[in-house]
Amino acid sequence: MGRRKIVYEGIIVDARKCWDVTGSYDGMIKCLKDKGYDKPEEKLSGLTLEEIGYILGVTRERVRQIEEKALKKLRFFIFKDKKDFDNFI
C-alpha cells in the first residue's frame with residue numbers, strides 16, 4: 001500500500017516556510033503576522049499531528065512523542081509536591 005499524498009495549502013505551507021527561515025515558534029508567528037495572517041496562533045491551534053509534523057519537518061509519531069514527553073514533564077512539575085497541590089486546590 002502506497003503512502004497517501006497530502007496537499008497542504010494556505011497557512012500550513014506559509015508556516016513551514018517561516019519555520020524553515022526562523023527555526024523558532026515566536027519567529028514563525030512573527031513571520032506569519034508579517035505575511036498578513038491575523039491571529040496565526042489561533043489558526044494553528046487546531047492542526048493535526050500530521051500537519052504539525054509537516055511544519056516542523058518531522059513525522060506525526062515524533063510530534064506525538066514530543067507532546068507526551070512535555071505533558072509528563074508538566075505533570076511532574078505540577079504534582080512533585082503533593083502538599084503544594086493540595087493547597088492549590
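Of the 89 residues in this predicted model, 21% count as buried, where buried means under 20% relative accessible area, exposed means over 50%, and partly exposed lies in between (1.4 Å probe, protein chains only). Residues are numbered from 1 along each chain as its sequence is written. Because the model is predicted, local features need pLDDT of at least 70 and side-chain atom pairs count only at pLDDT 80 or more, while totals for chains, interfaces and linings use all residues; side-chain values use heavy atoms, with hydrogens and water left out.

The protein is built from six helices and zero strands, which gives the pattern α-α-α-α-α-α along the sequence. Helices (H or I, at least four residues) and strands (E, at least two) are DSSP runs, numbered from the N terminus. As for how the chain folds back on itself, 41% of the contacts with a separation of 6 or more are between residues 24 or more positions apart, a contact being heavy atoms within 4.5 Å.

On to the cysteines. A search of the whole structure turns up one disulfide, a disulfide here being a pair of cysteine sulfur atoms within 2.5 Å. The partners are C18 and C31, with 2.2 Å from S to S. C18 sits in helix α1 (residues 11-22) and C31 in helix α2, so the pair ties together parts that are 13 residues apart in sequence. The link of C18 and C31 is left-handed, with -65° about the S-S bond, and both C18 and C31 are buried.

Helix α4 comes next. Two packed helices are described by the angle between their axes and the distance between the axes. For α1 and α4, the axes come within 7 Å and cross at roughly 35°; axes are lines fitted to C-alpha atoms, for helices over the stretch in contact, and angles run from 0 to 180 degrees between N-to-C directions. On the α1 side the contact is made by I12, V13, A15, R16 and W19, and on the α4 side by E51, Y54, I55 and L56. By class, that contact has seven nonpolar, no polar and two charged residues. Here Ala, Val, Leu, Ile, Met, Phe, Trp, Tyr, Cys and Pro count as nonpolar, Asp, Glu, Lys and Arg as charged, and the others, Gly among them, as polar. The buried residues of α4 are E51, G53 and I55, and what covers them includes α1, α2, α3 and α5 (60-79). Just after α4, G57 takes a positive phi of about 80°.

There is also some open space to look at. The second largest pocket has a volume of about 200 Å³. On a 1 Å grid over the protein atoms alone, a pocket is an open set of points where a 1.4 Å probe fits, with protein on both sides within 12 Å along at least five of seven lines, and lining residues have an atom within 4 Å of a point. Grid points are joined across faces, edges and corners, and the volume is the space filled by probe spheres set on the points. The lining consists of W19, Y25, M28, E41, L44, S45, L47, I52, I55 and L56; by class, eight are nonpolar, one is polar and one is charged. Helices α2 (25-34), α3 (40-44) and α4 (49-56) each supply at least two of the lining residues, with the largest share, three residues, coming from α4.

Finally, K39 is found in the loop between α2 and α3. K39 has a positive phi of about 55° although it is not a glycine. At 45% relative accessibility, K39 counts as partly exposed.
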